[in-house]
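Hi,

Here is the structure I promised to pass on.

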Amino acid sequence: MATPGAAPSKAAAVWSLLLFLNNRTLPNALAQTIGGGDTDTIASVAGQLAGSVAGVAGIPHEHVARIVGGEEITRVPEQFAYFVVANA
């Protein structure tokens, strides 16, 4: 069964990805997308889509620095990527 409001959230998230692909800045794409509605879901999905294209380098350092444990959040995936490449 579909969750009420899921379709608009998904559409907004895809719109954010298109905005990101157009202007290549993750913060601007997210800011232009989140204008109301289910903002936490929209931001989550939009961030995941745009982040998969931008990678860690696409997240401004000042945003990561404001998150408690932010440096570890970026360090752990990098270590995992090095492990995967080294063991491929």
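Below is what came out of it, starting with a pair of helices and ending with a pocket. Please keep in mind that this is a predicted model.

**The helix pair**

Helix α2 covers residues 26-33 and helix α3 covers residues 39-54; their axes come within 10 Å and cross at roughly 150°. Angles over 145 degrees count as roughly antiparallel, so α2 is roughly antiparallel to α3. The crossing in which α2 passes α3 is right-handed.

Which residues meet there? From α2 they are L26, L30 and T33, and across from them in α3 sit I42, A43, A46, G47, A50 and G51. Sorted by type, the residues of this contact are six nonpolar, three polar and no charged.

**The pocket**

The largest pocket holds about 190 Å³ of space. G51, which meets α2 in the helix contact, is also one of the lining residues here. The rest of the lining is made of G55, V56, I59, V64, I67, G70, I73, T74 and P77. Helix α5 (residues 70-86) gives the largest share of that lining, four residues. By type, the lining divides into six nonpolar and four polar residues, with no charged ones.

Best wishes

Methods: Residues are numbered from 1 along each chain as its sequence is written. This is a predicted model: local features need pLDDT of at least 70, side-chain atom pairs count only at pLDDT 80 or more; totals for chains, interfaces and linings use all residues. Side-chain values use heavy atoms; hydrogens and water are left out. Axes are lines fitted to C-alpha atoms, for helices over the stretch in contact, and angles run from 0 to 180 degrees between N-to-C directions. Helices (H or I, at least four residues) and strands (E, at least two) are DSSP runs, numbered from the N terminus. Angles under 35 degrees count as roughly parallel, over 145 as roughly antiparallel, 65 to 115 as roughly perpendicular and the rest as oblique. A crossing is left-handed if the near helix is turned anticlockwise from the far one by less than a right angle, and right-handed if clockwise. Contact means heavy atoms within 4.5 Å. Ala, Val, Leu, Ile, Met, Phe, Trp, Tyr, Cys and Pro count as nonpolar, Asp, Glu, Lys and Arg as charged, and the others, Gly among them, as polar. On a 1 Å grid over the protein atoms alone, a cavity is a set of points where a 1.4 Å probe fits but cannot get out, and a pocket is an open set with protein on both sides within 12 Å along at least five of seven lines; lining residues have an atom within 4 Å of a point. Grid points are joined across faces, edges and corners, and a volume is the space filled by probe spheres set on the points.
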